Amino acid sequence: MKNKILPLVLVVILCLQLTNCNTDDDNNELIDPVAVTVPVVKSKTEVRNSIAIMSAQPTNSDGKIYVYDDFLFYIAQNSGIHVFNNQNPVSPQNIAFIQLEGVHDISIKNDILYADNFMDLVVFDISNITDIQIVNVEEDMLLFNPEFPEDSMYYQYNTYPSNENEFISEYTTVYMERAEVENDLEIYWSTISIFESDALAFNAGVNIGTGGSYAKFQIFNDALYTLDDYKLNTFDISDYNSISLVSETWLGGWFGGVLETTFILKENLFIGATDGMHIVSLVDELNPTYLSSFTHGTGCDPVVAEDYTAYITIRGGNPCGAIEDQINVIDITDITMPTEHSTYFLSSPYGLGIKDQILYVCNDDGLNVFNAQNPNQIVLENTYESTTKDVIPLPSHLIAVGENVIYQYNYVDNFGLELISTIQF
């Protein structure tokens, strides 16, 4: 096989070098202008020094939601954390902002907030929400790989960190004339796969908050779990001033799916991946043990679970995969051998939540409400027009998040929802 692949690669490279190999302007890869990926290099010192607690701020960044006690947190990606007093969901109050440029996920236990800041794990004391304090920064504790642009054909390879205090914080896309790109020796033809592989080289008395179905951080007792592309990391947070990585559980690989989301039910951690759902036992919280998987074709898919049933939304299409958009309903009565109850097809599903056998699913049509009492045939009961991407069904009410907007709904009869407030950024 290797002998066949190598000549093919050489032919492709030669074709890209020689203009007479393909001069068809209808070829999508050759039309002007072409996309060039440019790395953005930042200083770790400057990023760490920029952490600040501020008064309430507006945002224009897409985000996730997290709930702790009467507070609602909007995690504005690559910007910071907006804090709302949500004691009265009809009228939430924007009260504070944690400036944290590299944040993507948070988790909270007993008034201690854990957040990522690119490669650092940052810890805040929020016991006095009007006087939030940073109490610890565990430097270089997390693996950070910026997301590579989907539409990129070329890479500006001469932009890179020059020392250990610098890192690539993100990739941006610029568009240039093809002739200019092909004559620039500092621009290298590439595809996303090359740079994905390159990145690989590098309870009683406990009050824990709740994240949405896209959460990559989870806390269970004295363990904080985070995801890299192919492994689950377990940190001991029994002393938040001295956090340590105690175990790594590999669940993917070159031919496995990328790990995307986490959800805890009882003593089990459910991990949504691009190839399916993985279940990990947390009986020994600091040493998680792989239990089982439910696999499917490649697609983006968060997972939630209730009682003896798990629910997975699978979104196909580039770059998620070619599988048809759907909801998988999974029997987890035997946690070591999940099997499929049923499949429901719908367009472009995103995040989801489950409460009392009512399933809430965000998709391009709006917020769908399903009767999930019969796992062999879930029934769509209502659809509410909204641009939502994730939900958290709380005991008291439901919170949904879209791009720069948060909706809060009361539960009403007949699988209904009643909008009670909207936070628009």
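A salt bridge here is a side-chain nitrogen of Lys or Arg within 4 Å of a carboxyl oxygen of Asp or Glu. By that rule, arginine 48 and aspartate 120 make one through their side chains, at 2.5 Å from N to O. You're looking at a predicted model, where local features need pLDDT of at least 70 and side-chain atom pairs count only at pLDDT 80 or more, while totals for chains, interfaces and linings use all residues. Residues are numbered from 1 along each chain as its sequence is written, and side-chain values use heavy atoms, with hydrogens and water left out.

**Salt bridges**

- Searching the whole structure turns up 10 salt bridges.
- Back to arginine 48 and aspartate 120, which meet in a salt bridge: this pair ties together distant parts of the chain, 72 residues apart, with arginine 48 in helix α2 (residues 44–49) and aspartate 120 in strand β9 (residues 120–125).
- Helices and strands are DSSP runs numbered from the N terminus, with at least four residues of H or I for a helix and at least two of E for a strand.
- How buried is a residue? Buried means under 20% relative accessible area, exposed means over 50%, and partly exposed is in between, using a 1.4 Å probe and protein chains only.
- Arginine 48 has 17% relative accessibility, so it counts as buried.
- Aspartate 120 is buried too, because its relative accessible area is 1%.
- Lysine 109 and aspartate 222 also join their side chains in a salt bridge, at 2.8 Å from N to O.
- In that pair, lysine 109 is buried at 11% relative accessible area, whereas aspartate 222, at 31%, counts as partly exposed.
- Aspartate 228 and lysine 231 form a salt bridge as well, with their closest N and O atoms 2.7 Å apart.
- Aspartate 228 is buried at 10% relative accessibility, and lysine 231 is buried at 9%.
- Some salt bridges share partners, and one network formed that way takes in Lys44, Arg48, Asp120, Glu139 and Asp140.

**The sheet from β27 to β30**

- Four strands make an open sheet here, ordered β27-β28-β29-β30, with antiparallel pairing.
- β27 (349–355) and β30 (379–384) sit at the edges with a single partner strand each, so one side of each has no neighbour in the sheet.
- From one strand to the next, the twist averages 25°; the axes behind such angles are lines fitted to C-alpha atoms (for helices, over the stretch in contact), and angles run from 0 to 180 degrees between N-to-C directions.
- Two strands count as paired if DSSP finds at least two bridges between them.
- Strands β28 (residues 358–363) and β29 (residues 366–371) run antiparallel and are joined by six bridges.
- Which residue in β29 stands opposite isoleucine 358? That's asparagine 371.

**The sheet from β31 to β34**

- Another four strands form an open sheet with antiparallel pairing, in the order β31-β32-β33-β34.
- Its edge strands are β31 (388–393) and β34 (416–424), each pairing on one side only.
- The twist averages 25° from one strand to the next in this sheet.
- Eight bridges connect β33 (residues 405–412) with β34, and these two strands run antiparallel.
- Tyrosine 409 has leucine 419, in β34, as its bridge partner.

- Most residues other than glycine have a negative phi, and most peptide bonds are trans.
- Phenylalanine 118 has a positive phi, near 60°, and isn't a glycine.
- You'll find phenylalanine 118 in the loop between β8 (112–117) and β9, and with a relative accessible area of 4% it is buried.
- Aspartate 307 is another non-glycine residue with a positive phi, near 55°.
- Aspartate 307 lies in the loop between β23 (303–306) and β24 (309–314), and at 46% relative accessible area it is partly exposed.

**A closer look at glycine 272**

- Glycine 272 belongs to strand β20 (residues 268–273).
- With a relative accessible area of 0%, glycine 272 is buried.
- What does glycine 272 touch, not counting residues up to four places away in sequence? The answer is Val258, Leu259, Glu260, Thr261, Asp301 and Val303, where contact means heavy atoms within 4.5 Å.
- Glycine 257 is 15 residues from glycine 272 along the chain, and their C-alpha atoms are separated by 9.3 Å.
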